[in-house]
Structure formats: C-alpha cells, structure tokens
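Morning, everyone. Please take a look at the model on the screen, and then I'll talk you through a pocket and some rings.

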Amino acid sequence: MNGDLWWWTYLVIIVAGWLATDFWRWLGVLVGNRLDEDSEALHWVRAVATALVMAVTAKLVVFPTGTLAGSPLWLRLGALGLGFGAFLIFGQRVIVCVVVSIAALSAGLLLL
C-alpha cells in the first residue's frame, strides 16, 4: 500500500461503521421520544424484545456450548427454576434471579 494513503482504509472503515450504526441510534431517539409509553406499538416492541431474550435464554439452557455443555440438563433447568422462583418471591428483580440461578448452578457443578 502506498505510504501516503494507508490512513484512507481506516477512515473508510470508521465512517462506514459510524453511518451503519449511528443513523439507527439517532432515528430510535427521535422516534422514541414521540411514542406514548402506553401505546400499542411500544407494547409490541416490549413483547418482541422479551420474547427474543427468553429465546436466547432457552437456547443457552437447553443447548449450551463450552463448559456448560458438560453439565446435566436437570441441573441447568433446576437452577433456572430456582432463579425464577426467587424472581417472583423477591419483587420481580432480575438481579435476584441471575444471582440465585448462578449460585445454584455453581453449587450443583461443585457437588457433581
């Protein structure tokens, strides 16, 4: 590559990356400020976002990869169930669910 033009490659990557992401961020800010929090559109967006998170969670529990793949399914489902129970008992706080689930899974893996 020519010694004087090496920085063009980086500039193109930065500008293309910025245009591809920031446009949508700013559009989301502009449209999001105009939405009513109780609108049907926002309820739909929340439902879709929740469904996507739950689908990823289910995939990680049922079809794990890496170290978790060596753990038994009953342990993963049990940790998930304990975390969900804690979530309901302690005022629907996500952090409680995560901490209890990880603690249960870790304890189960140590005892196996």
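**The largest pocket**

The largest pocket holds about 640 Å³ of space. A pocket here is an open set of points on a 1 Å grid over the protein atoms alone, where a 1.4 Å probe fits, with protein on both sides within 12 Å along at least five of seven lines. Lining residues have an atom within 4 Å of a point. There are 19 of them, and T57, L80, C97, V98 and S101 are the closest to the centre. Which element gives the most to the lining? That is α2, with seven residues. By class, the lining has 15 nonpolar, three polar and one charged residues.

This is a predicted model: local features need pLDDT of at least 70, side-chain atom pairs need 80 or more, and totals for chains, interfaces and linings use all residues. Residues are numbered from 1 along each chain as its sequence is written, and side-chain values use heavy atoms, leaving out hydrogens and water.

How confident is the predictor? pLDDT scores that for each residue, from 0 to 100. The chain's mean is 89.

Now the rings. The whole structure has two aromatic pairs (ring centres within 6.5 Å). F23 and W24 are edge-to-face (planes over 60 degrees apart), at 5.0 Å centre to centre and 75° between the planes. F84 and F87 are stacked (under 30 degrees), at 6.1 Å and 20°. Those two sit three residues apart in helix α3, so about one helical turn separates them.

Notes
pLDDT = per-residue confidence, 0-100. Points joined across faces, edges and corners; volume = space filled by probe spheres on them. Helix = DSSP H or I, 4+ residues; strand = E, 2+ residues; numbered from the N terminus. Nonpolar A, V, L, I, M, F, W, Y, C, P; charged D, E, K, R; others polar. Phe/Tyr/Trp six-rings, centres within 6.5 Å; stacked < 30°, edge-to-face > 60°.
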